[in-house]
Amino acid sequence: MGKIGIVMYHYVRDLKHSRYPGIKGLDYVLFKEQIRMFSERFHVISMEQLMAYYKYGEKLPENAILLTFDDGYIDNYLYVLPVLMEYHMQGSFFVPGKVFQEHCLLDVNKIHYLLASTPIDVLCKELLEEMDAYRSREWEYPSNEELFQQYAQANRFDDKKTVFVKRILQVALPEELRSLISSNMFAKYVGVPEEVLAHELYLNYDQMKEMKRQGMYFGVHGYGHYWMNHLSLAALEEDIEKGLDSMQGLVSSDSWVINYPYGSYSEMVIDVAKQKGAALGLSIDARTACIGQDDRFKLPRLDANDYSPKSKRYLEL
């Protein structure tokens, strides 16, 4: 079998007129242009078609492409759904259960809005000061210098200071502490109560049910949006089970797709997902998927910004 482009989206909105135009996403106008381009140059397939290939050997069309949307933003209902319906396309959506079960703001989104509202040098300085303030009180962790050397590694989207802030507040510090520090910084620099933004930012269950009625696909993105490969076996099993439970009525419990938050998989993560009924797994490894060769639990994806009209990197990856 040939190749398939699995496209990854996060924020899709009218960025210019939004409250935080600096948020990293795809502008609505460009999204519409991209979907039109996909309709002309590719065959947009459904998740069910991809699953049928692996389960029954059913053929996929040439120039196949699959559209995936992470984290369950209200953008999916307001902006994405109408465009996909207009072009008779399916999107596959992956929502952490915690965002609509508990209506709280995920740490990952606190970080996004901090980065969208405050210069990175200011955030980095503040974070280092917070880390110094809490060190040795209740928590033990390496020096700022050691952590900066370990985590400040630029990637294709972010400079090293941005990556450092993300990694420290996503995974490097103990969960309770990184949540506390991110909330402190959010209150200082973003200035909107977390509960207000949480209600504005995410899909609710009724909206997801309506999207499913319109032909959209829903998979599992865990419950707490953790780096799954950093969890203990017991915590991993609990997170996936809670994620599945939260998606009842949206996900088939015996054949579903897992989308690893942050692309954070390991052989243990894959084994647990398989045991609980997962059929496929999506990573964030940045390349086109080679169907029939890539492990179906490690399927790579390309960012929406890798495609026209933003770029043509998909031709090289």
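## Touching, and what we're looking at

Two residues are in contact when heavy atoms of theirs lie within 4.5 Å. With that in hand, take Gln 34: leaving out residues up to four places away in sequence, Gln 34 touches Tyr 9, Leu 26, Ala 304, Tyr 307, Ser 308 and Pro 309.

This is a predicted model, where local features need pLDDT of at least 70 and side-chain atom pairs count only at pLDDT 80 or more, while totals for chains, interfaces and linings use all residues. Residues are numbered from 1 along each chain as its sequence is written, and side-chain values use heavy atoms, with hydrogens and water left out.

## Gln 34 and its helix

Gln 34 sits in helix α1 (residues 28-41). Is Gln 34 buried or exposed? It's buried, because its relative accessible area is 0%; the cut-offs are under 20% for buried, over 50% for exposed, and partly exposed in between (1.4 Å probe, protein chains only).

The side chain of Gln 34 also has a polar atom 2.9 Å from the backbone oxygen of Ala 304. That's a polar contact, meaning a pair of N or O atoms within 3.5 Å; within protein, one must be able to donate a hydrogen and the other to accept it, and residues adjacent in sequence count only if both atoms are side-chain atoms.

## Arg 301, a buried arginine

Which loop holds Arg 301? The one between β10 (289-290) and β11 (302-303). Arg 301 counts as buried because its relative accessible area is 0%.

So who does Arg 301 talk to? Its side chain makes a polar contact of 2.9 Å with the side chain of Asp 70, and it also reaches the backbone oxygen of Ser 283 at 2.8 Å. Not counting residues up to four places away in sequence, the residues touching Arg 301 include Ile 6, Met 8, Asn 259 and Leu 282.

## Strands side by side

Strands β8 (residues 256-259) and β9 (residues 278-282) run parallel and are joined by 4 bridges; two strands pair if DSSP finds at least two bridges between them. In β8, Trp 256 and Ile 258 point one way, Val 257 and Asn 259 point the other way, and all are buried.

Together, β8, helix α13 (residues 267-275) and β9 form a right-handed β-α-β unit. Right-handed means that, with the strands pointing away from the viewer, the path from the first strand over the helix to the second runs clockwise. Another parallel pair is β6 (residues 91-95) with β7, joined by 4 bridges, and here Val 95 stands opposite Val 220. Strand β7 (residues 217-220) is covered on both faces, with Tyr 217 and Gly 219 buried on one side and Phe 218 and Val 220 buried on the other.

## The greasy inside

A nonpolar core is a set of buried Ala, Val, Leu, Ile, Met, Phe, Trp, Tyr and Cys residues joined through side-chain atoms within 4.5 Å. The largest one has 90 residues, and Tyr 9, Phe 31, Phe 38, Leu 84 and Phe 218 touch the most other members. Helix α6 (residues 120-134) gives the most to this core, with 6 residues. Apart from it lies another core of 19 residues, among them Ile 4, Tyr 53, Leu 66 and Leu 282.

Tyr 53 is also one of the buried residues of helix α2 (residues 47-56). What covers the buried residues of α2 includes β1, β5 (64-70), β6, β7, β8 and β9.

Most residues other than glycine have a negative phi, and most peptide bonds are trans. Asp 71 has a positive phi near 85°, and so does His 103, near 50°. Asp 71 is buried because its relative accessible area is 3%, whereas His 103 is partly exposed because its relative accessibility is 38%. The peptide bond from Ser 308 to Pro 309 is cis, with omega near 10°.

Notes:
Helices (H or I, at least four residues) and strands (E, at least two) are DSSP runs, numbered from the N terminus.
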